[in-house]
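User: I would like to learn how to read aromatic pairs and helices in a model. Please take them in turn.

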Amino acid sequence: LLNIGNFLNQGLLLLSFIMALISLFVFVINRSDLATIISFLAFLANLTLALYVYLNNPKNPVNRIFGLFVLSIAFWILGILMFRSQAAVTAFTFFWAREFYASGSLIPVLFVYFAYYFPFKKPELSKALKIALLSFAVISLGAICFTNWLIVKIVMNPWGPEVILGWFYYPFTFFYILLMGYAFRHLFVKYLGAASINKIQLKY
């Protein structure tokens with residue numbers, strides 16, 4: 001029988017290795033670019049953290065959620081890194097633009113789940129909130145990947161490619177900030193009512 005835990009572990013390691021190779025290639029060809037160096041180091045830091053937390057205890061929902069949360073940040077950074085490396089507007093330029101916006105759209109959703117599970121699961125997510133999170137993720141991913149609602153076009157400037165954003169940017173940004181603020185508020189409420197050891201965890 002297939003061991004799902006081992007399969008996920010090996011899949012994540014393989015995916016991370018591929019991401020590292022891609023990023024290393026971009027880093028080498030743009031090594032004189034300070035912004036690229038900083039982005040590359042940020043990508044490596046998030047990738048390492050995601051793998052360390054997840055593999056430390058993959059059965060713990062907090063580890064899984066936090067690992068996915070940080071991995072989505074790593075994908076977001078990788079997308080920006082690859083997008084900035086494009087010398088002309090091609091299909092790959094659009095792919096990486098959609099990739100970093102799609103990865104970014106998962107960050108607030110996973111952060112809300114993390115806020116509910118860390119450092120203890122209390123209370124349960126309401127059905128309405130679960131529907132809202134799923135709706136935001138599905139609508140955002142659909143709009144980013146399959147329409148021009150967010151990414152209208154890409155123009156090439158002397159400093160590199162630039163995304164021209166459409167009307168969906170405004171509701172997307174509004175709900176993005178709303179979800180992030182909700183998650184921070186939930187963590188703060190937990191902090192006020194938590195025991196001393198949990199307060200230390202929430203503080204850091």
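This is a predicted model: local features need pLDDT of at least 70, side-chain atom pairs count only at pLDDT 80 or more; totals for chains, interfaces and linings use all residues.

User: How many aromatic pairs does the structure hold?

Analyst: A pair of aromatic rings is described by the distance of the centres and the angle of the planes. Rings of Phe, Tyr and Trp (its six-membered ring) pair if their centres lie within 6.5 Å; planes under 30 degrees apart are stacked, over 60 edge-to-face, the rest tilted. The structure holds 16 such pairs. Phe66 and Phe69 have ring centres 6.2 Å apart and planes at 45 degrees, so the pair is tilted. Tyr169 and Tyr170 form an edge-to-face pair, with 5.6 Å between centres and 80 degrees between planes.

User: Are these residues buried or exposed?

Analyst: Buried means under 20% relative accessible area, exposed over 50%, partly exposed in between (1.4 Å probe, protein chains only). Phe66 and Phe69 are buried. Tyr169 is partly exposed at 30%, while Tyr170 is exposed at 61%.

User: Which residues do ring pairs link into a cluster?

Analyst: The cluster consists of Phe136, Trp149, Trp167, Phe168, Phe172 and Tyr176.

User: What span does helix α4 reach?

Analyst: Helices are DSSP runs (H or I, at least four residues), numbered from the N terminus. The expected span is 1.5 Å times one less than the number of residues. Helix α4 (residues 91-117) has 27 residues and reaches 39 Å from first to last C-alpha, close to the expected 39 Å. Of its 27 residues, 20 are buried, so α4 is largely enclosed by the rest of the structure.

Notes
Residues are numbered from 1 along each chain as its sequence is written. Side-chain values use heavy atoms; hydrogens and water are left out. Helices (H or I, at least four residues) and strands (E, at least two) are DSSP runs, numbered from the N terminus.
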